[in-house]
Each structure stands twice: as structure tokens, then as C-alpha cells.
Amino acid sequence: MDRNDLTVLTWNVRGLNDAAHRELVRETVTCSRPSIVCLQETKLSCLTTTLAHETLGQCLDSYLELGAQGTRGGIILAWNKDMISVTNAVNRNFTISATIKVISSETPFLMTTCYGPTDDGRKDEFLAELMAIRPPATIPWIIVGDFNLIYQANDKNNLNLNRRMMGKFRRALDECELMEIALQNRKYTWSNERESPTLVRLDRM
């Protein structure tokens, strides 16, 4: 597959209930012209055709959604059907997965977009879900999204760490044989926006 055949935009949008926010997402999608878009934390229980158009614009004409649970979560996986073939889509509690094939390529791969739970009591369930998704070794796998977990101390700017959960996440990544694609131009992806903020890297590919 040529590197120019596939462009993926992944974004924790932190809610699409506001028209101005949907417009910002649509403008970004229109400018970057990705083949695939993965949006997390939509906070939408249902994506109507109107909301999809307001958010994704004209370029992305197909999508899958996982509705929010109350005001938490919500995922959209969208694609340009002239460039991308999508089959075997599965929604689980925290993820959408599908077999992706770039039409100009002969190599299918599994793609998963996730929004991990903020509730510590459900993080083990989330990790078990990731391990259950893992495809056979012959199938490439890309997983993107907001994991709401860290696996190393330098993913956070202070020492308030849950080392037990960090270890569980690290072991899950190792068991799934996942290798992280390095984040460019920034170290953290989330802030509590206080005067002395906690900064954490929660979003990964």
C-alpha cells in the first residue's frame, strides 16, 4: 500500500452537541481530506443523518457509530466509500472495529477506534475487550483513540500514578503485540485546565 493511499484523522472531540463545534470538526475534515475519520467522546446517543452531515461534510459518505452512555463516550468511524471498503464491522462496549481495505490496495487490515472508560471500575473490562479484539498474527491491526489509561510514568506530569493499572495496560499492549506510533509535536493530550494543571497523554495510535 502506498503511503499516500490512506490518511486517518483521529480526534477526541469532547462533545458534538454544539453546532459551532460540529462546524469546527467539519471544516477540519474538509481541509485535511482524510480517507478515514475516527471521533471519540461525541456525547451523542444517536447520530442522525443531519448531525452526520453537519459534522463530516460531503467527503465522508459512510459511517458507523457507537452511541454515548448518558453523557459519556460515543464513537464515530467514518470513511470515503470511493476510497475505502469496510466490512465485518463490530460494535462492542468501548470500541468499533472493522476490516478496512483501501480500494487501490490488496492488503486488508483491522481498524479499531476506542474510547476507554473514565471509571476505574470498568478499566479491566476495557482491557479484556481489547485483548478479545486482537486478530490473528497474519492480519495487521491499527487501534486509535482515547484509552483513558497510561502505561508509563512520563505520560503524566506528576507522580500521582496508578502503577497497578499502568502495569495492566502495559501487559495488555504486550499481549496484543501492539507498537505505539510516536506522537509528534506535543507530549500530552489532556489537561484538567487548572492553574497548576495535570497533563496526561491519553490518546494514542
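**Ground rules.** I am working on a predicted model, in which local features need pLDDT of at least 70, side-chain atom pairs count only at pLDDT 80 or more, and totals for chains, interfaces and linings use all residues. Residues are numbered from 1 along each chain as its sequence is written, and side-chain values use heavy atoms, with hydrogens and water left out.

**Entry 1: α1 and α2.** I looked up helix α1 (residues 19-32) and helix α2 (residues 49-56). Helices here are DSSP runs of H or I with at least four residues, strands are E runs of at least two, and both are numbered from the N terminus. The two axes come within 6 Å and cross at roughly 55°. Axes are lines fitted to C-alpha atoms, for helices over the stretch in contact, and angles run from 0 to 180 degrees between N-to-C directions. α1 and α2 are therefore oblique to each other. My cut-offs: under 35 degrees is roughly parallel, over 145 roughly antiparallel, 65 to 115 roughly perpendicular, and the rest oblique. From α1, Arg22, Glu23, Val25, Arg26 and Val29 make the contact; from α2, Leu51, His53, Glu54, Thr55 and Leu56 do. Contact means heavy atoms within 4.5 Å. I sorted the residues of this contact into 4 nonpolar, 2 polar and 4 charged. Nonpolar covers Ala, Val, Leu, Ile, Met, Phe, Trp, Tyr, Cys and Pro; charged covers Asp, Glu, Lys and Arg; the others, Gly among them, are polar.

**Entry 2: α3 and α4.** Next I took helix α3 (residues 123-133) and helix α4 (residues 163-175), whose axes lie 10 Å apart at an angle of about 10°. α3 and α4 are therefore roughly parallel to each other. Lys123, Asp124, Leu127 and Met131 of α3 meet Met165, Lys168, Phe169, Ala172 and Glu175 of α4. That contact has 5 nonpolar, no polar and 4 charged residues.

**Entry 3: β4.** Leu39 has Ile76 as its bridge partner. Strand β3 (residues 62-66) also runs antiparallel to β4, joined by 5 bridges. There, Ser62 stands opposite Trp79.

**Entry 4: Ile75.** Ile75 has a relative accessible area of 2%. Its C-alpha is 6.0 Å from that of Thr42, 33 residues away in sequence.

Terms used. Two strands pair if DSSP finds at least two bridges between them. Buried means under 20% relative accessible area, exposed over 50%, partly exposed in between (1.4 Å probe, protein chains only).
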